[in-house]
Amino acid sequence: MTRSGMSLEPVSVKPTFEPEPAPASAESEAQQLLRRGSGSRMLLKMLAGVTLVAAVVLGFVYGADWLRAKEARDAPMKKFSAERATIGNPLWEDERPEHEIDLAAYELDLTEVTVAAYRACFKSKVCDEPLKGAFCNWGPEDRDLHPINCVTHEQAAKYCSWAGKRLPTEKEWEHAARAAHDDPMMAKKDLFPWGVGAPDAARVNACGKECTEHFAALGKKLPWLHEYDDGYPLTAPVDRFKDGDTPDGLSDMAGNVWEWTSSPWCVYPDETCGNELELVIRGGGFQSYQARTFEATSREGLGRLEATETVGFRCAR
């Protein structure tokens with residue numbers, strides 16, 4: 001009852017709650033989420049970008065190294081059939097007697113192994129670093145196409161093994177170098193790799209006028225083979241003296257650098273004299289000044305641990 005005597009029905013009162021403001025739209029909510037996560041997402045995108053660039057760079061570097069290694073291993077070679085061959089020269093003590101030998105089939109690189117090819121082996125962590133300095137080709141940026149020099153016999157053999165090859169025997173080397181003289185129409189009085197004709201500035205990188213002048217400025221006196229300038233006081237890029245190629249297309253079998261073989265230095269006709277200290281080198285080099293040095297039969301011995309600027313190599317298989 002009320003004070004006026006009137007009765008009132010009970011009134012139910014619904015509780016009131018302040019509603020949460022709804023987002024203006026689903027799009028604005030998404031924008032809010034994106035805004036809150038934009039810093040992390042940007043960082044992830046940057047990391048992904050850096051990873052992609054790094055992958056591309058590494059792929060390029062390792063791809064280039066792989067390509068250079070493949071090119072080194074696939075260096076062009078000349079095939080020689082098994083045959084009976086003549087070796088030696090009756091005119092010179094270290095080269096006589098002239099004698100017949102049986103050769104199995106083999107292949108020989110068309111060019112001397114270059115600095116670039118050797119670097120591919122070095123980058124693969126198989127080959128050891130050659131000597132640097134003086135007249136060594138390892139180091140200067142402009143020598144990639146020059147023959148690698150300043151390497152020991154072991155370093156040369158290790159490279160050839162990496163390339164799936166080996167060093168040639170001196171018999172294989174000489175047989176390839178005197179191929180022109182297997183032609184019955186070719187005069188046999190000269191035993192140069194190209195055939196008939198004296199070694200000159202067009203055929204061989206030897207010690208000409210440019211060589212004597214270069215070394216004279218350094219206080220070293222060297223006689224010259226001829227009075228002409230062949231353009232290279234030291235080594236030349238391989239395959240540069242085309243007039244001196246053999247009929248089979250082998251270049252620099254005379255001049256540029258002497259070349260290691262796998263044969264011990266023995267007195268002919270012995271091939272297994274037990275000399276483990278000296279190995280045969282062939283071909284003459286850029287400091288050579290005697291014409292007979294460039295004959296296919298010319299041979300010298302060099303200590304297996306020696307690494308000089310005048311000696312490089314090519315590989316056989």
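Colleague: Why does Phe313 count as buried?

Modeller: Buried means under 20% relative accessible area, exposed means over 50%, and partly exposed lies in between (1.4 Å probe, protein chains only). Phe313 has 0% relative accessibility, so Phe313 counts as buried.

Colleague: What kind of model is this?

Modeller: This is a predicted model: local features need pLDDT of at least 70, side-chain atom pairs count only at pLDDT 80 or more, and totals for chains, interfaces and linings use all residues. Residues are numbered from 1 along each chain as its sequence is written, and side-chain values use heavy atoms, with hydrogens and water left out.

Colleague: How many helices and strands does the protein chain have, and in what order do they run?

Modeller: The protein chain has five helices and eight strands. From the N terminus, the order is α-β-β-β-β-α-α-α-α-β-β-β-β. Helices (H or I, at least four residues) and strands (E, at least two) are DSSP runs, numbered from the N terminus.

Colleague: How many residues are there, and what share is buried?

Modeller: The protein chain has 317 residues, and 44% of them count as buried.

Colleague: What makes Tyr159 and Phe313 an edge-to-face pair?

Modeller: Rings of Phe, Tyr and Trp (its six-membered ring) pair if their centres lie within 6.5 Å; planes under 30 degrees apart are stacked, over 60 edge-to-face, and the rest tilted. The structure holds nine aromatic pairs. One of them joins Tyr159 and Trp162: the ring centres are 5.5 Å apart and the planes stand at 50°, so this pair is tilted. For Tyr159 and Phe313, the centres are 5.6 Å apart and the planes are at 65°, so that pair is edge-to-face.

Colleague: Which parts of the chain does the pair of Tyr159 and Phe313 link?

Modeller: The pair links distant parts. Tyr159 is in helix 3, while Phe313 sits in the segment after strand 8 (311-312), 154 residues apart.

Colleague: Where do Tyr159 and Trp162 lie?

Modeller: Both are in helix 3, three residues apart, about one turn of the helix.

Colleague: Why is Tyr159 called buried?

Modeller: Its relative accessibility is 3%, so Tyr159 passes the test. Trp162 is buried too.

Colleague: Which residues form the aromatic cluster?

Modeller: Tyr118, Phe122, Trp138, Tyr159, Trp162 and Phe313 form one cluster.

Colleague: Which residues of helix 2 are buried?

Modeller: In helix 2 (residues 115-123), Val115, Ala117, Tyr118, Ala120 and Cys121 are buried. Lys125 follows helix 2, and its phi is positive, near 70°.

Colleague: What makes Cys150 stand out in its phi?

Modeller: Most residues other than glycine have a negative phi, and most peptide bonds are trans. Cys150 is not glycine, yet its phi is positive, near 55°. Cys150 lies in the loop between helix 2 and helix 3 (153-162). Its relative accessible area is 1%, so Cys150 is buried.

Colleague: What is the phi of Asp252, and where is this residue?

Modeller: Asp252 has a positive phi of about 55° although it is not a glycine. Asp252 is in the loop between helix 5 (209-216) and strand 5. Its relative accessible area is 4%, so Asp252 is buried.

Colleague: Which peptide bonds are cis?

Modeller: The bond from Arg96 to Pro97 is cis, with omega near 10°. Pro97 is in the loop between strand 2 (83-87) and strand 3 (99-103). A cis bond also joins Tyr268 and Pro269, with omega about 0°. Pro269 is in the loop between strand 5 (258-264) and strand 6 (278-282).

Colleague: Why is Thr152 called buried, and what does it contact?

Modeller: Thr152 has a relative accessible area of 16%, so it is buried. Contact means heavy atoms within 4.5 Å. Leaving aside neighbours within four places in sequence, Thr152 is in contact with Trp260, Arg304, Leu305, Glu306 and Ala307. Thr152 is in the loop between helix 2 and helix 3.

Colleague: Which residues lie nearest the centre of the largest pocket?

Modeller: Of 22 lining residues, Glu71, Ala72, Ala75, Thr114 and Ala117 lie nearest the centre. Helix 1 (26-73) and helix 2 are the elements that give two or more residues to the lining. Helix 2 gives the largest share, five residues. On a 1 Å grid over the protein atoms alone, a pocket is an open set of points where a 1.4 Å probe fits, with protein on both sides within 12 Å along at least five of seven lines; lining residues have an atom within 4 Å of a point.
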